[in-house]
Amino acid sequence: DDTSELFSIEESLKELAQLADTAGLLVVDSTYQKLSTPNPRTYIGSGKVAEIKTAINGYGVETVIFDDELSPGQLRNLEKAFGGNVRVCDRTALILDIFDQRAATREAALQVALAQMEYQLPRLTKMWTHLERQSGGQVKGMGEKQIEVDKRILRTQIGVLKKELESVRKHRKQYRTRRLSVPVPVVSLVGYTNAGKSTLLNQLTGANVLAEDRLFATLDPTTRRVQMKNGKEFLLTDTVGFIQKLPTTLVAAFRATLEEISESSLLVHVIDISHPLAEQQIEAVEKVLSELDSTSIPKLMVWNKVDKATNPEEIKLKAKSLEDTICISALNGSGLDEFCNAVQEKLKDSMVWVEALVP
Ligand code: GDP
């Protein structure tokens, strides 16, 4: 993945540890190995496998998480090597777990369930062929039959889920069309996870959207009406946070949700300017945005968390010198007037509508 190269191995592992923490796991150690190509059987080399096994026994580890997607075979071989009670998973499975824990609406829950099943489908197949081999071929044919049965069950379930999802989405679309018939421009907040999107939404609207220092606090899009001092209004939507190495199954799963982005009048890209990897995070977000065909939508860059930056004055000066960039602190509210003015400036054309409505 080309965005993953923006992040060093250490940085990516640090983020993985943060994801694990978000999932409720306690991280005790992390390690990596440089290989010209991953080991086809175990992803890492046999020496590294032994080293991790020692650490597992030392710490009493229950879960080992890999930062890259493992093949079904690698997953199985690693679980075998580490011992029966250790769960081995990859970034994708971990993110799926987090999404599963946090899905608040029916649509999000259905999307996650669907993504989980699609993730399982190829892995299921390999599990049965493995059992067959293990039994020395005694259950030959039976395993194959079982795979077919299981795959059929899973496919049926996937079909049912897809239908349900479709009907949930149809409802939402009807609602959205109704909403769009009211001439209020829609502004979408986009940004790397934890950049402060929910906090900004809360500050502007007094909405009580879950904002916490965890990755993916927001899973479902939330829309609130923002009224400015001059009576003008816009709708502000908080979308799912982006992250590097967002598994393709998940991008696909959340596509429908993200599609709302491409229908907005303005994108507000919220950036955590105090984060050491702010630049890489911007690039990762821009990459997803370009995949969503939203490059033609006007955009405002919002440098958030200036209160936390070590050199706030320097940052403010730099932001001023860049076009379409403003500095705020969503937490203490500084720069929000300037933010609203900038939004208004950007929405000039669509704002005419609203102006006509205000007596
Ligand atoms: P989201 O994932 O983009 O929705 O981010 P959140 O709104 O959940 O914010 C993530 C964390 O950053 C929370 O702990 C917020 O309190 C914190 N945060 C958000 N904005 C600011 C800010 O302007 N300054 C500081 N210091 N912290 C902030």
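Select F7 and Y192: both are buried (under 20% relative accessible area; exposed is over 50%, partly exposed in between, with a 1.4 Å probe and protein chains only). This is a predicted model, where local features need pLDDT of at least 70 and side-chain atom pairs count only at pLDDT 80 or more, while totals for chains, interfaces and linings use all residues. Residues are numbered from 1 along each chain as its sequence is written, and side-chain values use heavy atoms, with hydrogens and water left out.

**Aromatic pairs**

The count is two aromatic pairs (rings of Phe, Tyr and Trp, the last by its six-membered ring, with centres within 6.5 Å; planes under 30 degrees apart are stacked, over 60 edge-to-face, the rest tilted). Stay on F7 and Y192. Their rings are stacked, 6.3 Å centre to centre, with 25 degrees between the planes. F7 sits in the segment before α1, and Y192 in the loop between β3 (186-191) and α7 (197-205), 185 residues apart. Helices (H or I, at least four residues) and strands (E, at least two) are DSSP runs, numbered from the N terminus.

Next, select Y43 and F66. This pair is edge-to-face: 5.8 Å centre to centre, 85 degrees between the planes. Y43 lies in the loop between α1 and α2 (46-59), F66 in strand β1 (residues 63-66), and 23 residues separate them. Y43 is buried at 19% relative accessibility. F66 is buried too, at 7%.

**Salt bridges**

Now turn to charge. The structure holds eleven salt bridges (a side-chain nitrogen of Lys or Arg within 4 Å of a carboxyl oxygen of Asp or Glu).

Select E15 and R91. Their closest N and O atoms are 3.3 Å apart. E15 is buried at 7% relative accessibility, and R91 is buried at 2%.

Move to R87 and D97. Their side chains form a salt bridge, 3.3 Å from N to O. R87 is in strand β2 (residues 87-90) and D97 in helix α4, ten residues apart. Buried or partly exposed: which is R87? R87 is partly exposed, at 35%. D97 is partly exposed as well, at 25%.

Finish at D272 and K305. Their salt bridge has its closest N and O atoms 3.2 Å apart. D272 lies in strand β6 (residues 266-272) and K305 in the loop between β7 (299-304) and α11 (312-321), so the bridge ties together parts 33 residues apart in sequence. Both D272 and K305 are buried.
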